[in-house]
Amino acid sequence: MSNLINNNMIEGYILDIVSRSRSIKKKCDLFLTKDYISDSPIHLTRTIIKICDYLNKATLSHFNEITNELTDWDIQQNFIKYLRNTDVLIQDIGSLLRFIDGSRIEKLPWSIIPAFQDLLESVIPKVEILIRPQWKYNYSIYTTDFRTAFINFLEEYKDYVPDVSLESEILSELKLPFYLISFPSLERKNILLHPLLGHEIGHLLADQFITEERKDAFSQNIINTITKIVENDLKEQSIKKDNLFYRAFKEESIRQKLEEGLKCWKRGLEEILSDLVGTILFGPAALFASFDMALQQGFDHPPSPYDNFYPPWRLRLRYIIDFLNKTNEKLFPIDKKYFKYSDRINNVYYAIKEITEKTTDIDIINKNTMLQSIYSNMQSDITEGIEFF
């Protein structure tokens, strides 16, 4: 009876995989008839079709290899696990269709996409991007390279289809690293906010700058501070040094604090550096767009696990405005003879300047020993990051 049940499960999973793959491919065929501003959605669509065919072929090949051994319990269970994982993978592949659907020409700020892609090519050559709207009110980048991710999860299937090359056949449409950039769909026509896309380019560059060596250096710089914080915490909890578990408590607490501190440092550094890359690319427009986002979210929220350790907006705006003021060009105030709305723009600039001259964000950070140490260590990294960019 158990063999009969397992064989029915195997048959059901295979049918699910084939059926879902067929449904995804049918949707992809429909997408290939739509209009897009760039070739990126077409490249991803054709790749998804090839991946579905590849997984189907691998599954059937694997099944044919073990058909005569399916009476063995262990072989049945291993194959059921394989089918279950493949079915989940097919579902995940299907979820990517929403990105392609969102990149259709009628859903994008089409007038800026070609220019933005040209800009990206000049800053980070040899990458491909897909831009799409999202319901979440945020500009964001998915910093995982789709091409690398596809190779990683398809590698485990290559033994079942040794005659098919992942690089030259399945991923032939994705010749370059492939990234997803999202913007809030509510702002599709708001050209004044789209300079924030430059911030998303910054994340790709920040990833290159924040190396393992920099992470290790930061950890070394902050370990003494964390050790003192942990020792004080244990003292407040009345855990004495002669406690049998004192050393274990201390070491685990230091590990957790160091992990949290490293994440806080990395998030703060990559956000500030990405802001500065956006400023390098878009100048004052990046400042004004960032100010618009700051008005909606508040200026002085302290970095914490609850907000993914985002640095305060007042601090970010201060770095942007300081960077602009250090350029060789005198940007503000704008002379009225050059632009009739210069007074309005100058007033916004002066409002931002006044906001950044207040230090309530720094006061909040300095009240927390760990945050104070993290952000003081971050300063030299930001300076080096600007030079790097």
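How do the residues of the lining of the second largest cavity divide into nonpolar, polar and charged? In this predicted model, the lining of that cavity divides into 3 nonpolar, 3 polar and 1 charged. The report below sets this cavity beside the other spaces of the model and begins with the sheet.

## The sheet

Three strands form an open sheet in the order β1-β3-β2, and their pairing is mixed. Its edge strands are β1 (128-134) and β2 (140-142), each of which pairs on one side only. From one strand to the next, the twist averages 25°. Strand β3, residues 178-184, pairs with β2 in the antiparallel sense, over 3 bridges. Within this pairing, tyrosine 142 stands opposite leucine 180 of β3. Helix α8 (residues 197-209) packs on the sheet and touches β2 and β3. The direction of α8 makes about 35° with that of β2.

## Pockets and cavities

Rolling a probe the size of a water molecule over the atoms shows where empty space is left. The table gives the volume and the lining classes of each space.

| Space | Volume | Lining by class |
|---|---|---|
| Largest pocket | about 960 Å³ | 20 nonpolar, 12 polar, 15 charged residues |
| Second largest pocket | about 490 Å³ | 16 nonpolar, 2 polar, 2 charged residues |
| Largest cavity | about 50 Å³ | 7 nonpolar, 3 polar, no charged residues |
| Second largest cavity | about 30 Å³ | 3 nonpolar, 3 polar, 1 charged residues |

### The largest pocket

The largest pocket holds about 960 Å³ of space. It is lined by 47 residues, and the closest to its centre are Asn138, Tyr139, Ser140, Ile141 and Tyr310. Strand β2 spans residues 140-142, and Ser140 and Ile141 are among the residues closest to the pocket centre. Helix α10 (residues 246-282) gives the most to this lining, with 6 residues.

### The second largest pocket

The second largest pocket has a volume of about 490 Å³. Of its 20 lining residues, Leu192, Leu193, Ala285, Phe288 and Ala289 are the closest to the centre. Two or more residues come from each of α5 (113-123), α11 (284-297) and α13 (342-357). The largest share of this lining, 7 residues, belongs to α11. By class, 16 of the lining residues are nonpolar, 2 are polar and 2 are charged.

### The cavities

How many cavities of 30 Å³ or more are counted? The count comes to 2.

About 50 Å³ of space lies in the largest cavity. Its lining consists of Ile37, Ser38, Pro41, Ser103, Leu108, Ile113, Gln117, Ile129, Leu130 and Ile131. Both α5 and β1 supply at least two residues of this lining, and β1 gives the most, with 3 residues. The lining of the largest cavity includes no charged residues.

The second largest cavity, with about 30 Å³ of space, is lined by Pro195, Leu196, His199, Asp275, Gly278, Ala286 and Ser290. Helices α10 and α11 are the elements that give two or more residues to its lining. Among the other lining residues is His199; helix α8, which packs on the sheet, spans residues 197-209.

Helix α5 is named for the second largest pocket and for the largest cavity.

Notes
Residues numbered from 1 in each chain as written. Predicted model: local features only at pLDDT ≥ 70, side-chain atom pairs only at ≥ 80, totals over all residues. Heavy atoms only, no water. Pairing = 2+ DSSP bridges. Helix = DSSP H or I, 4+ residues; strand = E, 2+ residues; numbered from the N terminus. Axes fitted to C-alpha atoms, helices over the stretch in contact; angles between N-to-C directions. Contact = heavy atoms within 4.5 Å. 1 Å grid on protein atoms, 1.4 Å probe; cavity = no way out; pocket = protein on both sides within 12 Å on 5 of 7 lines; lining within 4 Å. Points joined across faces, edges and corners; volume = space filled by probe spheres on them. Nonpolar A, V, L, I, M, F, W, Y, C, P; charged D, E, K, R; others polar.
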